[in-house]
Amino acid sequence: MTTIRIIHADGGPPPECPECKEILDAATATEEGTVPSPGDWSVCCECGAILCYMDDLRMRLAEDTDLASTDDETRELLTRVQRDIRFRKN
Ligand SMILES: [Zn+2]
């Protein structure tokens with residue numbers, strides 16, 4: 001897996017987790033060579049919140065309706081990563 005740094009051209013504040021406020025200025029993809037795009041999923045490495053990339057690549061909390069609209073495989077991956085992060089932090 002490759003981790004990339006997320007830099008915003010607008011010079012605004014660095015992206016942060018809307019749940020725990022951790023600075024999230026890097027991303028690691030599950031597929032090699034993939035970079036974040038609007039509409040992609042993410043999971044906060046600090047608190048395990050499931051997030052969605054917005055048009056400016058900042059993130060918002062995923063709603064239940066977002067998760068309900070995705071396929072089973074993606075939903076299971078997101079919840080497994082969330083569970084692993086939260087288990088690791090406790
Ligand atoms: Zn967080």
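User: In what order do the strands of the open sheet stand, and how do they pair?

Analyst: Strands count as paired if at least two bridges are found between them. In this predicted model, three strands form an open sheet in the order S3-S4-S5, and their pairing is antiparallel. S3 (41-43) and S5 (59-61) are the edge strands, each with a single partner, so one side of each has no neighbour in the sheet. From one strand to the next, the twist averages 40°.

User: How many bridges join S4 to S5?

Analyst: Three bridges, again in an antiparallel arrangement. One example is Cys52, whose bridge partner in S5 is Arg60. This hairpin has five residues between its strands, and Leu57 takes a positive phi near 65°.

User: Which residues make up the largest nonpolar core?

Analyst: Here is the general idea: in soluble globular proteins, nonpolar side chains tend to be buried together. In this model the largest nonpolar core has 10 residues: Cys17, Leu24, Trp41, Val43, Cys44, Ala49, Ile50, Leu51, Met59 and Leu78. S3 and S4 are the elements that give two or more residues to this core.

User: What does Cys17 touch, leaving out residues up to four places away in sequence?

Analyst: With those left out, Cys17 touches Glu22, Leu24, Cys44, Glu46, Cys47 and Ala49.

Key: Residues numbered from 1 in each chain as written. Predicted model: local features only at pLDDT ≥ 70, side-chain atom pairs only at ≥ 80, totals over all residues. Helix = DSSP H or I, 4+ residues; strand = E, 2+ residues; numbered from the N terminus. Axes fitted to C-alpha atoms, helices over the stretch in contact; angles between N-to-C directions. Core = buried A, V, L, I, M, F, W, Y, C linked by C-beta atoms within 7 Å. Buried ≥ 20, exposed ≤ 12 C-beta atoms within 10 Å, placed from the backbone. Contact = placed C-beta atoms within 7 Å.
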